[in-house]
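This report concerns the arrangement of strands and helices in one protein model. Please examine the sequence and the structure before reading on.

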Amino acid sequence: MAFVQFSQVSLAFGDRDILKNVSVNLQAGSKAALTGANGTGKSTLIKVMAGLTQPDDGKRTASKDARIAYLPQSGLTHHGCTLREEADKAFSFGYKLQEELEKIGDDLKAGNGNQKALLERHDAILTEMESSGFNRRNVTAEQILIGLGFSHDDLDRNCEEFSGGWQMRIALAKSLMVNPDILLLDEPTNYLDIEAREWLEKFLNNFSGGFLLVSHDRYFLDHTINEVYELFNGDLHRYAGNFTHYEKVREVELETLIKEYEKQQEEIRHLQEFIDRFGAKATKAAQAQERQKMLDKILEHEIVIPESLKKIHFKFPAAPHSGRLVATLEKVTKSYDGTHKVLDNLDLLLENGDRLVVAGHNGAGKSTLLRILAGVDTNFEGSVKLGAGVSIGYFSQDNAETLKGSATILETIEAEAPLELIPKVRDMLGAFLFRGDDVFKSLDVLSGGEKSRVALLKLLLKPVNLLILDEPTNHLDMHSKDVLLNALKDFGGTVIFVSHDRGFIEDLSTRVLELKPGKFRTFPGDYRYYMERVSNEQVAVSSGMGEVSPSATMGRSEAAKPFSPTPSTGASPRNAPDTGKSDARLSYEEKKKLEAERRKAEKRVSQIENEIAQIESEKSAEENKMADPEVYSNGEKAKAVQAKIAELSQKLDELNAQWEIAAMALEEFNSSAQ
């Protein structure tokens, strides 16, 4: 059985221990994740396992002829050939075996060497070539490349034409093609969209070899691994189970650790106070020296809490009040070349409190839609109307590059932070991976990923009520994502976002907008519901039932039906009659009755909208009270105001539900009249 292991391995950079007597064993069937805070040495450990970095002490052992594939985080590029030709390089091991096979054939023909040994080696090579998949290399290469998002047309493109993210997909594909015994992947999901991540998840679940991977995607880890190694302070600890189970176990451990940490910190404080107070006094010098020895001994074994497990929470500044309708998009059409339409007659209604995720394959127009909604792209057909009082905060990877200057990260964020958040700035910077002296870096020296995190944090500190976020979780670790997710859940405004992190999407989204070439659909409910619907449709199509008519609102370009601001359930709304006859065949009395019912439905919608506006006004007034020192400094008053806000929020939820039913009924009447 192929394996790679090392025992009692140690490695230090200067006076810092990266690995301290670490032991790991990977073999066929190992499905392991490596976790730890940024900078703890995860990438270094993987390089040691790959044989690329030599440890200071300990022993690394790999079984003979074991194929070990290693993928770094970034930095790999490919050029000088087509994608198909580059993929074929992954099978170089097979071509070497083929050359050896040909030489053996020549020796056998010429009668050279030990004929029996040559025949045995000949059979062994044939077996290895078959088991390695070399004989099926062309099919394997194409399947893996397509699975990772490349198209058939891409196969004959020159590698130089692909961007950095696609270059890393090429590298990942080549790592998988060699059918390795051991697979070492450092952040393989960084450059993958949801579809490619799902494909990789299935690949790893069916992979017969062993793998160790680093990823900040909790959902991906939970569905691929069954053991977790945590690297902290140079020590490596193993936890059985998936990643969520590891976090639960670690949380229990952390509770005990925090108690011990707080106790130790208190002891350190008392000793330091005594030393500072009496160290210079001759009568107390001996006692001060004794306490200094005690302090030094404690500091040698000082408890450190992993940054990745510290619980940091912050809230956005209060979102300015806006109306129920946040944005209305009608017949939005966008083409970059005048022929191909990225967006085609898209209609969308964005309501206050929505957490709308935009889903679709690469090139479906997700980022384009966000730029149009944010007002960055004005070259389109159709209309975008913002509701009253709407203020926008927009984040994308592109606008992060506008951060320049000699100001430090700390100065930049403090300048943006509201007064009440100034004391929490260092904690927030820590949550976004700026720790220690990192906060004193100037903007000009930051990497692209660092600038992206600064830009995101700046945005989160602004008082806006519509957040438009394009891939906000890129360059964040799992802990940072949790901090961002919790803040967005508590955000008092509206969010429309694009993300490739499925766990993040599932936890945040309340509606889904699906974009496809020339089509769009909106789905009520969270992302899990959306995926269930898509899965059911695919099953129906594959079983020959044809495409299932979804209960989602379908775009004009996909179905000829009037635009509805609310999801259609496929059944007639409450109070909407189903006559079974066309409008032309209705009698005068029936038409008159139908019109009366329509006016009644219209009046009901207007009545509910007025009630919603009134409750929103009352809620806003109560929320403003929380900014009054006389209220927030008085526990009883604050509690009463919070209870009133909760009561009004519940009323709003009930009214919004009533409005949806009434609006659907009115839409049905209007459709009947057309």
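The model is predicted: local features need pLDDT of at least 70, side-chain atom pairs count only at pLDDT 80 or more, and totals for chains, interfaces and linings use all residues. Residues are numbered from 1 along each chain as its sequence is written, and side-chain values use heavy atoms, with hydrogens and water left out.

Helices (H or I, at least four residues) and strands (E, at least two) are DSSP runs, numbered from the N terminus. Six strands, in the order 5-6-7-3-8-9, form an open sheet with mixed pairing; two strands pair if DSSP finds at least two bridges between them. Strand 5 (68–71) and strand 9 (235–240) are the edge strands, each pairing on one side only. Strand 6 and strand 7 pair in the parallel sense over 5 bridges.

Angles run from 0 to 180 degrees between N-to-C directions, along axes fitted to C-alpha atoms, for helices over the stretch in contact.

| Helix | Strands touched | Angle |
|---|---|---|
| Helix 6 (residues 164–177) | strand 5, strand 6 | about 165 degrees with strand 5 |
| Helix 9 (residues 243–278) | strand 3, strand 8, strand 9 | about 120 degrees with strand 9 |

The axes of helix 9 and helix 10 (residues 285–300) come within 9 Å and cross at roughly 150 degrees. The two helices are therefore roughly antiparallel, a term for angles over 145 degrees. Their contact includes Leu-271 of helix 9 and Leu-295 of helix 10.

Notes: Contact = heavy atoms within 4.5 Å. Parallel < 35°, antiparallel > 145°, perpendicular 65-115°, else oblique.
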